[in-house]
Amino acid sequence: MANELYEQLEFVENVLFERIIEDLLSKKYSIVNDFFSSEEVTILRDSLLAKYEADKFKKSAIGNRVNEEIDKTIRGDFILWMDEKSADMAELLFFSKINELVNYLNRTCFLGILHKEFHYAVYPTGTFYKRHLDTFQNDDRRKLSMVCYLNEDNWLPENGGELTIYSEKEDLDILPLPGRVVIFESQILEHEVKAVKASERLSITGWLKTR
Ligand SMILES: O=C(O)CCC(=O)C(=O)O
Ligand SMILES: [Fe+2]
């Protein structure tokens, strides 16, 4: 009882997180520029590239890990799942920011997020992910997707690789700018990654799940 009281007293409204909630409730997506600072992006990008260069990534698959079917005509990225329990310094930094948001969402009773999973992703030049919904066979828990872009500061519109979200009102083309995070209801809003025309498109993608 006393603890609960303290928790309530400690609660500080977070303007950014409130905006995210408001966006999600009104349009099912939220775009946050500078969710990660450029220093944080550099640390996370270095961590991603070190693992990519050490050959730790695998060709992505369609479906879940029980039912994998690789098809380059649908999706061409390479991924590496993250494990919070054995997180390195960069990943600790990443998860501390993610957990801050997740705890906030849970405390404001917006969603009961009990599970989360994230993977690094690299889309080499020429790759894409065709229009789809994020649904897993044998698993309807997926609720919110979060994509965090880790590209260099000089990512150009000509590089392509936009995330296109097909919302009720419009089609949104979102450039994968460093530090930008897109949170959306990926089971409801169809979306795609447009072909990368130059450079490599770097990101961390995750899902916040209920139950
Ligand atoms: O990288 C992105 O912008 C979106 C990726 C995506 O849709 C997915 O991995 O399911
Ligand atoms: Fe997706």
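Entry 1. I started with R131, which sits in strand β5 (residues 129-132). Helices (H or I, at least four residues) and strands (E, at least two) are DSSP runs here, numbered from the N terminus. I'm reading a predicted model, where local features need pLDDT of at least 70, side-chain atom pairs count only at pLDDT 80 or more, and totals for chains, interfaces and linings use all residues. Residues are numbered from 1 along each chain as its sequence is written, while chains are lettered from A and ligands numbered from 1 in the order in which they are written.

Entry 2. Is R131 buried or exposed? I get exposed, because 12 other C-beta atoms lie within 10 Å. The scale I used: buried is 20 or more other C-beta atoms within 10 Å of the residue's own, exposed is 12 or fewer, partly exposed is in between, and C-beta atoms are placed from the backbone.

Entry 3. Which residues does R131 touch, leaving aside neighbours within four places in sequence? I found E190 and E192 in contact with R131, contact being C-beta atoms, placed from the backbone, within 7 Å. I also checked V193: R131 is 62 residues from V193 in sequence, but their C-alpha atoms are 7.5 Å apart in space.

Entry 4. Next I traced the sheet. It is open, has four strands in the order β5-β10-β7-β8, and pairs antiparallel; I call two strands paired if DSSP finds at least two bridges between them. β5 and β8 are the edge strands with a single partner each, so one side of each has no neighbour in the sheet.

Entry 5. I stayed with β7 (residues 163-166), where L163 and I165 make up the covered face and T164 and Y166 the uncovered one. β7 forms a hairpin with β8, with four residues between them, and the two pair over four antiparallel bridges. In that pairing L163 is opposite I174, and Y166 is opposite D171. β7 also pairs with β10, again antiparallel over four bridges, and there L163 faces V193.

Entry 6. Last, I looked up ligand 1. I listed A121, Y129, D134, V147, L163, H191, V193, S203 and T205 around ligand 1. β10 (190-193) and β11 (201-210) are the elements that give two or more residues to this shell.

Note on methods:
A residue is near a molecule or strand if its C-beta atom, placed from the backbone, lies within 6 Å of it. Two residues are in contact if their C-beta atoms, placed from the backbone, lie within 7 Å.
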